[in-house]
Amino acid sequence: MSDLSKIDTVRSYLRAAFPRHELTDKSRGANGHDFKISRGGSAYKVTVKRSFLDDHTPGEIDGLLRRWQMERALKKSESSGLLVGNGGLCVAWPEAPPS
């Protein structure tokens with residue numbers, strides 16, 4: 001499990017970037033951590049890879065998310081999803097709803 005202060009850093013960034021949205025999150029275990037930002041029927045999903053969390057301090061995580069303009073990338077993403085890793089941001093397609 002990744003350091004909770006690092007997950008809190010991502011959570012704080014998202015709360016500040018999307019102040020009137022509901023934010024939920026859950027661990028993906030060895031794969032990282034998922035965050036869902038929703039409001040009025042629309043939702044964004046961010047998956048932060050475990051390696052990114054493990055390789056950076058909370059201050060570095062906040063700085064990288066700001067430098068990469070994650071909020072802007074999410075809002076412009078046609079898929080409404082992002083994957084965050086050591087290489088930066090990558091558009092991710094949401095999982096198909098269960099049938």
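Student: How do H1 and H3 run relative to each other, roughly parallel or roughly antiparallel?
Tutor: In this predicted model, H1 and H3 are roughly parallel to each other. Angles under 35 degrees count as roughly parallel, over 145 as roughly antiparallel, 65 to 115 as roughly perpendicular and the rest as oblique.

Student: At what angle do H1 and H3 pack, and how far apart are their axes?
Tutor: Helix H1 (residues 4–17) packs against H3 at an angle of about 30 degrees, and the axes are 9 Å apart. Axes are lines fitted to C-alpha atoms, for helices over the stretch in contact, and the angles run from 0 to 180 degrees between N-to-C directions.

Student: Left-handed or right-handed crossing?
Tutor: H1 and H3 cross in a right-handed way. Right-handed means that the near helix is turned clockwise from the far one by less than a right angle, and left-handed that it is turned anticlockwise.

Student: Which residues meet there?
Tutor: From H1 come Ser5, Lys6, Thr9, Val10 and Tyr13, and from H3 Pro58, Ile61, Asp62, Leu65 and Arg66. That contact (heavy atoms within 4.5 Å) holds five nonpolar, two polar and three charged residues. For the classes, Ala, Val, Leu, Ile, Met, Phe, Trp, Tyr, Cys and Pro count as nonpolar, Asp, Glu, Lys and Arg as charged, and the others, Gly among them, as polar.

Student: Let's zoom out. How many helices and strands does the protein have?
Tutor: There are four helices and five strands, in the order α-β-β-β-α-α-α-β-β from the N terminus. Helices (H or I, at least four residues) and strands (E, at least two) are DSSP runs, numbered from the N terminus.

Student: OK, His56. Buried or exposed?
Tutor: His56 is buried, with a relative accessible area of 17%. Buried means under 20% relative accessible area, exposed over 50%, and partly exposed in between (1.4 Å probe, protein chains only). His56 lies in the loop between helix H2 (50–55) and H3.

Student: Which side chain does His56 join in a polar contact?
Tutor: The side chain of Asn86, at 3.0 Å. A polar contact is a pair of N or O atoms within 3.5 Å; within protein, one must be able to donate a hydrogen and the other to accept it, and residues adjacent in sequence count only if both atoms are side-chain atoms. Leaving aside neighbours within four places in sequence, His56 is in contact with Lys6, Ile61, Leu64 and Asn86.

Student: And Leu53, where is that?
Tutor: Leu53 is in helix H2 and is buried, at 2% relative accessibility. Its C-alpha is 7.6 Å from that of Ile7, though Leu53 and Ile7 are 46 residues apart in sequence.

Methods: Residues numbered from 1 in each chain as written. Predicted model: local features only at pLDDT ≥ 70, side-chain atom pairs only at ≥ 80, totals over all residues. Heavy atoms only, no water.
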